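Please examine the sequence and the structure shown below.

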There are 2 protein chains.
Amino acid sequence: MSDSITAKGRTMAAKESGTPKVRKRTLSSVVTSQMRQRIVDGTFPPGSQLNEVELARRFATSRGPVREGMQRLVQEGLLVSEPHRGMFVPLLDESDIADLYYARAAVERAAMLRLVDQGVTAATVANLEQALGEMAAAIEREDWGAVATSDLRFHELIVDASGSPRLSRMYAALAGESRLAINILVGSYDGRTDYLEEHAKIFELLVAGNRSGLLGELSRHLQTGQDTATKNSRGAVADSAAAVRDTTT
Amino acid sequence: MSDSITAKGRTMAAKESGTPKVRKRTLSSVVTSQMRQRIVDGTFPPGSQLNEVELARRFATSRGPVREGMQRLVQEGLLVSEPHRGMFVPLLDESDIADLYYARAAVERAAMLRLVDQGVTAATVANLEQALGEMAAAIEREDWGAVATSDLRFHELIVDASGSPRLSRMYAALAGESRLAINILVGSYDGRTDYLEEHAKIFELLVAGNRSGLLGELSRHLQTGQDTATKNSRGAVADSAAAVRDTTT
DNA sequence: GGGTGCCTAACTGTTGACAATTAAGTCCGA
DNA sequence: TCGGACTTAATTGTCAACAGTTAGGCACCC
């Protein structure tokens, strides 16, 4: 019953440039990853429509896999579907951001409490320290996109470490939406140089197992994050919407 | 430029409740609903495979809408995908059930606390009372499937009442999975005649705004639910798996 | 001049056929 | 008798063409 080496003739249909490191993954999944990446990194800005035929052409596939990928991204909160109209990258308004941070707080609180209960493993400590290191390096070179990535990664690591598949699954969607909200205000991160120490504080309290301190610090941290996102998105969403209008006319 | 829109047609359509309920559902969505229904009500038992061509034939469509619906149900936790093999209704083992109830507790706790904060509206009270009424009626006529439905509906109403779209979205998936777990042990509900009063207790504490009591009662309630599910599923999953094996051979 | 109704263009929704993959059954040889 | 490679049936993954819907523009009528 051991895993026999199915080393059969692997037809290398690797075209010259199309797909970088395509493994045994199905086409739909690689298309999904590609689209998720481009939504998250801002290539497809909030408010924009994703044209099926254009994407299919760009990925050198048919519309089937593209539609399938879109279905998944809808459930992740990275796309909204308007029947017979198309798929659009969500425009998060003030109430969306508030709800997003509220839901994140609910999930992270539960994860942290459980993590303290069952103790933080050495591997978790190492992962978190690495994320903090990446964040510091990103701040150093003023790469605010990377700062946002390490920021979300830090929080995601905590949730994953709690060992609940369902909590992780739910949080992944929230993290994706958060990235959407943060994208609008990338560049305004520099006004918040205390990000690193806030995360370091949470890390310390987590290792120390300080429950009440942890909950308080988390609330503060997310609250400031929400305030920043809300404040900076006030005009940003309007601009974004206007920009979309321009491009579509 | 000229923003002087008379806004006549808009106000008419918006103010008026004239939107006919004949919303044009797309084929994919109706197929999705149908499949969700049959998974949840046990027509497609846990462990069974959903054949695309057979379902397409049964729904008198092509495989496209069926595949699209399956994608959605995967994200809801009602199906698992094994690439190049097929879609299967999940078989929840002991750890799955534990994780499921843990995640539910996390979400419901947050929802309840917020609900107490912002006060319970009259509409919410009415909805919850109705759910309790349906539960009592279902118990009376020993319709355990309906008991499970009203049970989950009660909890879902609480989460929805908290007014967080994302919390509701996450909880919907958890509720669907819970229904899957409960289906196995439908009929063993009769051993737990205290279900109604447990829910009534939660309802009272919620209206009274008793935080600590609420959290304690919720923990107890979900714990007993988890214990029952776990205990009754011990042999059930084995039987179910065996039954699936029989039908597939 | 303003409103109304068609009309067209572009897009999504749907379909049936084709290709690729998996797993089980079978046959052969040691 | 056992092991392994081959064959084969069934199922999923992918594709290109067709059909239906939506929204915006244009001419026409009042």
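A phosphate oxygen of DNA strand C lies 3.0 Å from a polar backbone atom of B:S62; a polar contact is a pair of N or O atoms within 3.5 Å, and within protein one must be able to donate a hydrogen and the other to accept it, while residues adjacent in sequence count only if both atoms are side-chain atoms. The model is predicted: local features need pLDDT of at least 70 and side-chain atom pairs count only at pLDDT 80 or more, whereas totals for chains, interfaces and linings use all residues. Residues are numbered from 1 along each chain as its sequence is written, chains are lettered from A and ligands numbered from 1 in the order in which they are written, and side-chain values use heavy atoms, with hydrogens and water left out.

**DNA strand C**

DNA strand C is surrounded by 20 residues, and the closest are A:R63, A:R67, B:L27, B:S28 and B:S62; a residue is near a strand if one of its heavy atoms lies within 4 Å of it. Of the atoms of DNA strand C that come within 4 Å of the protein, 75% belong to sugar and phosphate.

**DNA strand D**

Around DNA strand D there are also 20 residues, with A:L27, A:S28, A:S62, B:R63 and B:R67 the closest. The surface near DNA strand D comprises four nonpolar, nine polar and seven charged residues.

| Residue | DNA strand | Distance |
|---|---|---|
| A:R67 | C | 2.7 Å |
| A:T26 | D | 3.1 Å |
| B:Q49 | D | 3.5 Å |
| B:R67 | D | 2.7 Å |

**The sheet of chain B**

In chain B, three strands form an open antiparallel sheet in the order β1-β3-β2. Strands are DSSP runs (E, at least two residues) and helices likewise (H or I, at least four), numbered from the N terminus; two strands pair if DSSP finds at least two bridges between them. β1 and β2 (80–82) of chain B each have a single partner strand, so one side of each is left without a neighbour in the sheet. B:L50 stands opposite B:M87 in β3(B).

Definitions and conventions. Ala, Val, Leu, Ile, Met, Phe, Trp, Tyr, Cys and Pro count as nonpolar, Asp, Glu, Lys and Arg as charged, and the others, Gly among them, as polar.
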